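Here is my note on the model, point by point. Please read it with the structure open.

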Number of protein chains: 2
Amino acid sequence: MGSGEFAAIDRIRSLFPDPPPGQVWIGDDAAVLEGGLLVAADAIVAGVHFKYEADPVDVGWRAVAVNVSDIAAMGGRPTALLVTVAAPSHVDLDGLYRGIAAAAQKYSCPVVGGDLTNSETLVVSVTVLGTTDGRHAVLRAGAAPGDIVYVTGPLGGAAASGYHLRPEPRVAEGIESAIKGATSMIDVSDGLAADLGHVLDASRVGVVIDTVPVADGATDEHAWTGGEDYELLFTIRPGVKVDALPIGHIVEDRDKRPPYAHGWEHTFG
Amino acid sequence: MGSGEFAAIDRIRSLFPDPPPGQVWIGDDAAVLEGGLLVAADAIVAGVHFKYEADPVDVGWRAVAVNVSDIAAMGGRPTALLVTVAAPSHVDLDGLYRGIAAAAQKYSCPVVGGDLTNSETLVVSVTVLGTTDGRHAVLRAGAAPGDIVYVTGPLGGAAASGYHLRPEPRVAEGIESAIKGATSMIDVSDGLAADLGHVLDASRVGVVIDTVPVADGATDEHAWTGGEDYELLFTIRPGVKVDALPIGHIVEDRDKRPPYAHGWEHTFG
């Protein structure tokens with residue numbers, strides 16, 4: 001929605017109370033509630049997040065995948081979905097729900113409820129529930145000076161290729177990182193610059209970047225600002241062996257920022 | 001969406017797996033998950049559920065209230081909300097979120113996450129979490145011959161008055177009914193005929209109606225088909241003292257149906 005959205009979100013946040021100790025509400029990839037219950041919600045909209053002529057099966061898949069990625073980014077495991085569909089009468093609902101069902105099956109999070117209604121614009125809103133399975137949720141805050149910064153795969157491929165039709169969130173990788181002690185984590189949905197920026201802001205630290213793995217056919221700028229790769233970015237103490245790509249390390253100096261500082265962002269929870 | 005929606009919902013349901021024993025997924029007011037976790041999601045859409053020129057504060061309230069009512073209908077207590085807003089740029093977001101925050105405060109269920117995005121049509125989708133506080137959830141299924149049928153207040157007022165701007169879900173009444181042993185329950189959102197019909201279908205029973213309490217200024221038809229009153233309808237064994245209005249009793253003969261059998265319905269979970 002552009003930069004005006006940030007101001008709106010700040011005003012909106014001020015309307016809502018803060019969580020009790022041990023819980024996280026608005027401001028991370030997912031909320032962390034009592035008992036390690038994780039929950040997140042994101043809507044995708046025709047003409048904004050996908051083209052009007054997009055295959056409804058892909059739209060259904062994407063609506064689930066972007067939400068599952070938010071659970072992955074907490075080091076969690078998705079457990080259930082609720083899906084509300086607001087759709088014009090010409091939309092192929094069977095295709096849309098086939099895509100939803102395929103992603104639900106792939107990520108083992110059944111659709112337990114939802115709503116179907118008429119609308120002039122197709123809006124698919126998904127809420128995903130998840131669990132930390134007794135571990136601590138990995139937040140955006142927690143990166144400490146000396147931590148190594150990793151990404152789970154090369155970046156920029158989505159932007160370079162016109163975006164993946166069926167993004168695949170990194171659930172297994174997120175859980176592995178959490179088990180190994182990741183100190184912070186986020187999914188790279190808005191671009192490395194923006195999402196790394198969220199980790200630095202939440203953790204009140206800076207970063208020194210050595211090298212960024214760029215996907216085949218993509219440029220540095222794609223990797224930094226393209227978004228929608230749905231790889232995970234995490235930080236972890238040095239010396240821990242992980243199956244991911246190191247890109248730099250965390251420093252105390254908060255003025256050490258990544259390049260391409262302006263990505264885009266459209267979520268507040 | 002009219003009668004075509006029922007066919008679509010039947011096809012959609014066939015795509016999704018059935019729940020394990022002890023859980024309820026699609027088909028009741030809310031899903032019942034492990035540990036008595038309740039969850040429901042409903043979207044409201046400009047031009048469908050409210051007028052384009054509606055006060056955004058009322059729209060925000062309504063989006064929360066209709067979801068809270070689904071938790072009330074299980075005999076549950078709402079605990080948290082997730083809200084996705086897809087909105088045209090001219091919408092007064094501050095007003096909308098003030099309405100959301102007011103209802104969240106009134107029903108003690110804080111907004112813990114969500115999403116704000118651009119859209120040509122205003123769609124407010126809410127997911128509500130709730131708890132049974134260790135009791136059994138009260139389902140649509142469970143009404144047995146001899147049970148008395150109650151409603152928590154007179155019906156038809158919403159339809160007669162042009163619909164309430166700020167419906168008030170009956171959370172306390174739902175919990176009281178559950179504690180006293182209600183055998184089935186539903187919220188009267190689509191009209192008494194349709195919603196009582198859901199209870200009869202799910203419970204595989206019939207009903208004999210004695211009298212229906214009609215709200216001031218409303219007609220019998222308003223009461224049976226108007227919808228959006230958000231009173232609760234429940235059944236309970238005879239002889240239990242409850243603070244509600246009896247309208248009839250359950251019989252074994254499934255051919256004994258209420259009058260005005262065609263209401264409207266737009267949810268599948």
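1. Lys180(B) is partly exposed, with 35% relative accessible area. The classes are buried under 20%, exposed over 50% and partly exposed in between, using a 1.4 Å probe and protein chains only. Glu176(B), at 28%, is also partly exposed. These two residues form a salt bridge, with the closest N and O atoms 2.7 Å apart. The term means a side-chain nitrogen of Lys or Arg within 4 Å of a carboxyl oxygen of Asp or Glu. Lys180(B) and Glu176(B) sit four residues apart in helix α5 (residues 171–180) of chain B, so about one helical turn separates them. An α-helix has 3.6 residues a turn, so residues three or four places apart point the same way.

2. A word on the basis. This is a predicted model: local features need pLDDT of at least 70, side-chain atom pairs count only at pLDDT 80 or more, and totals for chains, interfaces and linings use all residues. Residues are numbered from 1 along each chain as its sequence is written, chains are lettered from A and ligands numbered from 1 in the order written, and side-chain values use heavy atoms, leaving out hydrogens and water. Helices (H or I, at least four residues) and strands (E, at least two) are DSSP runs, numbered from the N terminus.

3. Over all chains there are 18 salt bridges. One of them pairs Arg140(A) with Asp28(A), at 3.8 Å between the closest N and O atoms. Arg140(A) lies in the loop between β5 (123–131) and β6 (148–151) of chain A, and Asp28(A) in the loop between α1 (4–15) and β1 (31–32), so the pair ties together parts 112 residues apart in sequence. Both residues, Arg140(A) and Asp28(A), are buried.

4. Chain B has a salt bridge between the side chains of Asp147(B) and Arg237(B), at 2.5 Å, N to O. Asp147(B) is in the loop between β5 and β6 (148–151) of chain B, and Arg237(B) in the loop between β9 (232–236) and β10 (245–251), 90 residues apart. Asp147(B) is buried at 0% relative accessibility. Arg237(B) is partly exposed at 41%.

5. What does the side chain of Asp147(A) meet in polar contacts of 2.6 Å and 2.5 Å? The partners are the side chains of Thr183(A) and Arg237(A). A polar contact is a pair of N or O atoms within 3.5 Å; within protein, one must be able to donate a hydrogen and the other to accept it, and residues adjacent in sequence count only if both atoms are side-chain atoms. Asp147(A) is buried at 0% relative accessibility.

6. Helix α2 (residues 56–72) of chain A has 17 residues. Of these, 16 are buried. At its start, a side-chain oxygen of Asp55(A) comes within 2.8 Å of the backbone nitrogen of Val57(A).

7. Now the interface. Chain B and chain A give 55 residues each to the contact, meaning heavy atoms within 4.5 Å. The area buried between them is about 4500 Å², with 70% from carbon and sulfur atoms. Buried area is the accessible area (1.4 Å probe) that two parts lose on being put together, summed over both.

Methods: The expected span of a helix is 1.5 Å times one less than its number of residues.
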